[in-house]
Protein chains: 2
Amino acid sequence: MTLATPELAGGGRTRLATIDCDIHNYLPSDTTLRKYLSERWCRYLDHFAGRVFHGLYYPLASQHAARTDAWPPSGLSPGSDLSFMQEQLLNRWDLEHGILLPLLGAGKQLNLEWGGAMSRAANDWQAAEWLDPEPRLRGSIVVTYEAPDLAVAEIHDRARDKRFVQVEFESRTHEPLGRRKYWPIYEAAAEHGLPIGMHFGAQGGWPITGVGSPSFYIEYHTGQAQSFQDQVISLVTEGVFERFPTLKFVLIEGGFGWLPPVMWRLDRAYARLKEEVPHLRRLPSEYIREHFWLTTQPIEEPHDPADFVVLLDDLGMDDHIMFSTDYPHWDFDAPDAAIPTSLAPERRRKIMSQNARALYRFA
Amino acid sequence: MTLATPELAGGGRTRLATIDCDIHNYLPSDTTLRKYLSERWCRYLDHFAGRVFHGLYYPLASQHAARTDAWPPSGLSPGSDLSFMQEQLLNRWDLEHGILLPLLGAGKQLNLEWGGAMSRAANDWQAAEWLDPEPRLRGSIVVTYEAPDLAVAEIHDRARDKRFVQVEFESRTHEPLGRRKYWPIYEAAAEHGLPIGMHFGAQGGWPITGVGSPSFYIEYHTGQAQSFQDQVISLVTEGVFERFPTLKFVLIEGGFGWLPPVMWRLDRAYARLKEEVPHLRRLPSEYIREHFWLTTQPIEEPHDPADFVVLLDDLGMDDHIMFSTDYPHWDFDAPDAAIPTSLAPERRRKIMSQNARALYRFA
C-alpha cells in the first residue's frame, strides 16, 4: 500500500514566522535506547519489553506511517535523523521553533517500572541527541502516566531543564483523564508551569470506540476526535481546573471542529445537572476556553471555506490555536497550505507562531 | 436527588402541526410482559432473565429517569399509562402522530434466544395495548440485533402490520454497526422499506468511552454523541449504503451538532485513504446526507442563536431533521420551546412534522 505524499504548495518558505507544535522524532535503531538504559533494563528490553494493552495502531507500521519522501539518505528511519529533519522541515520551512513529541509508547506499558525506565531514557535521549545539537527544538517530558508516582518523579527531575516545555500524554488512557488517579501528575505539572501536551495515540485497554473495534484505519483516523472529546469532558466535569487553576492542556492531533458542539451540549447538560457536580463553579465552556490549547493538524476543513471563520468564531479560542505539521507522518500539513489564506492576517499570525510563543514562553 | 422539570413555555397548544419522533412507553408492571410470553419464557423471566453486558445506566433509575410530573394518577410508572400519555402529551400538545420507542433492553440480552422472545412479546404488547387503542401512535419493531437471524425473522413477521414504521436499535452495540454481522438485518429492513431507528442506549460490552468508564452521569449524557459518531463512521465506511442503497437510518436522541465536523474530517481522510475502502464510490458526506435522518432532542444549542442557522446550513439536511420530545424523560423538549422561533417558518414546519410525515409515510 502506498499513501499519497501531501502536496506541498508554493516555494520552500512561508511568509509568516512559524512554530511547529507537533514533530515526531524516532529512535534510529533498536539499540539507541540502550545507551540511556541501565544494564538491568537493557536485559529487560531483550527479554520482556513491549507488553501493552491491546489496541489499534497506525497504518503502514512497517513504514513508520511516514511520508514516502521522509526516509533519510542515511538509511535511518523517518524522524530519527536530525540532520535530515533540519533539512526537510526546520530549514525548508524556516521554522522558528519546533516541539518534539516522541511516540515511544512509554505511557502504555503494563510493566509500570519499565515504563518509568523507558521514560527516563527517552528524555535523556531527547536532551543529548536533539536539544543539545539543535537549539530551535524543544522537548516534551515523556512520562508513564498510568503510574502517577513515577511520572511525578520524572517531571520534578526533568523540569530543571527549561528546554522541556510540556509533559507528554497520549490520548487513549486506561481511565478518563479527569479521574483522581492522574491528579498528582497535574499538581507536579502546574507546580513547574508546564502544560500537558496530549497527543493522539497509545492504547488504554479499551477499543477506540465505545461500540467496539472498527474495521478500517479510516475509522480509527476519523475517530481520533472522540477520545479527545471524552478527555475534555472528563477533565472539565471532574473539576480538575478548580483544583489546579493554572493547569493547561494542549490537544495535539485531535482537531477541534468537534469542540463547539461539545461545549453547547455540556453547558446545556450542566444547567440541569449541577447537583451532580457541585465542585464546578463556572460553565463547562468557560473552563474549556481558559484551559485548553489546540493544534491544527489534522484540521477539519468545512466544505465551504467561509465556514472555517464561523468555526473559529464559535470556538472563541483565537489565542489558543497553534500550528503543527505532524512531521514525518503521511498526513503532514505544510506551513503554507494548512491554514486557509482567506483568514485575517492577525488570526494567521497568532496560529502560525504567536500563540505557541506565548504558551511555551519562547524569548 | 431531584431534577428540574423542563419549563413549558406558552400555552398548551403549539401553532404548527407536530409529529413526535421519540416517545417511550414502558411496561406498567413486571407482570405485563408475561401475557405475551410463552410458559417457558415466563419461567425464564422468573429465574434467569437480565444478564446483560456491563455498562452505565440512566440516572434516577428507580424513578425511570422521568419528569417529576410524569407519574400517572393511576399509580403506574411514567410512560406506562396510555390514558395519561394521551392527556399529558398527545392531547396537550395536539400531536398529529407520535413514534413509540420502548426501551426494554431486548437488544442487550446475552441469552439471544431470550432476547428474541422478549422482542416478540414487546411487539405484541405494543400492538395490543398502544397501537390498537390509539391511532395517532406508531410502533418501532423491537429486535434482538446481536442475533441477526432472530431479528430478521421478527422483521419479516411484524412488517405485515403497517403501524410499525421502523426497526428499533439502541446505539451501544457489541460491534460497530457497519460490520457484516448486522447486514442481514439491513437487508430485511430495506426489503420492507423500513428505516432503522437508532436510539441512544443499551450496553454493548464496552465502556461508553474509548478511554474507560467516566465518573458522572453528565459525562454519560454528553458522551451520547460519541457512540452515534462511531456508528455513522462505521456504517458509511463499511459501504452499507452501497450494498443497501435504499436503507435509511434515524439517529434518535443523539443530537447533530457533531455531524458537520465528522463529515469534514471523514471527507478529508477519504481523499487520502480511498485505497483502504474501494467499495465506496462517493464522498462519505454524500452517503450521510442521503441516508441519515436526525431527531431534535436533545438539541445542541449554540450560545449565539444565530449560529443554529449556520449549523443547519452546514448540515445541509433540512429535509431530514425531525422533532422529538423524549417523553417521559426528565430532559423532555416541549414542542413550543425546543426549536428556536427565529428559524424560518418553512424550516420549522419541516422539522415539526413534514419530514416525519414523508419518512414514515403518513397519509
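Before we start, one definition: two parts are in contact when they have heavy atoms within 4.5 Å of each other. Keep in mind, too, that this is a predicted model.

For S1(B), follow the pairing with S2(B), residues 97-100: the two run parallel over three bridges. Within that pairing, B:Ile23 sits opposite B:Leu100 of S2(B).

Now switch to chain A. Here, too, you'll find an open sheet of eight strands with parallel pairing, in the order S1-S2-S3-S4-S5-S6-S7-S8. Its edge strands are S1 (18-23) and S8 (321-322) of chain A, each pairing on one side only. Further into the chain, S6(A) (residues 249-252) and S7(A) (residues 292-295) pair in the parallel sense through three bridges, and A:Leu251 has A:Leu294 in S7(A) as its bridge partner. Helix H6 of chain A, residues 217-237, packs on this sheet and touches S5 (196-199), S6 and S7 of chain A, with its direction at about 170° to that of S6(A).

What about helix against helix? Two packed helices are described by the angle between their axes and the distance between the axes. The axes of H4(A) (residues 148-158) and H5(A) (residues 183-191) come within 8 Å and cross at roughly 10°. Angles under 35 degrees count as roughly parallel, so H4(A) and H5(A) are roughly parallel to each other. On the H4(A) side, the contact is made by A:Pro148, A:Ala151, A:Val152, A:Ile155 and A:His156; H5(A) brings A:Pro184, A:Ile185, A:Ala188, A:Ala189 and A:Glu191. Sorted by type, the residues of this contact are eight nonpolar, one polar and one charged.

Finally, which residues have the most contacts inside the largest nonpolar core? They are A:Tyr186 and B:Tyr186, in a core of 204 residues. Leaving aside neighbours within four places in sequence, A:Tyr186 is in contact with A:Phe169, A:Leu177, A:Ile196, A:Leu235, A:Val240, A:Phe244, A:Leu247 and A:Phe249. In soluble globular proteins, nonpolar side chains tend to be buried together.

Terms used
Residues are numbered from 1 along each chain as its sequence is written. Chains are lettered from A and ligands numbered from 1 in the order in which they are written. This is a predicted model: local features need pLDDT of at least 70, side-chain atom pairs count only at pLDDT 80 or more; totals for chains, interfaces and linings use all residues. Side-chain values use heavy atoms; hydrogens and water are left out. Two strands pair if DSSP finds at least two bridges between them. Helices (H or I, at least four residues) and strands (E, at least two) are DSSP runs, numbered from the N terminus. A nonpolar core is a set of buried Ala, Val, Leu, Ile, Met, Phe, Trp, Tyr and Cys residues joined through side-chain atoms within 4.5 Å. Buried means under 20% relative accessible area, exposed over 50%, partly exposed in between (1.4 Å probe, protein chains only). Axes are lines fitted to C-alpha atoms, for helices over the stretch in contact, and angles run from 0 to 180 degrees between N-to-C directions. Angles under 35 degrees count as roughly parallel, over 145 as roughly antiparallel, 65 to 115 as roughly perpendicular and the rest as oblique. Ala, Val, Leu, Ile, Met, Phe, Trp, Tyr, Cys and Pro count as nonpolar, Asp, Glu, Lys and Arg as charged, and the others, Gly among them, as polar.
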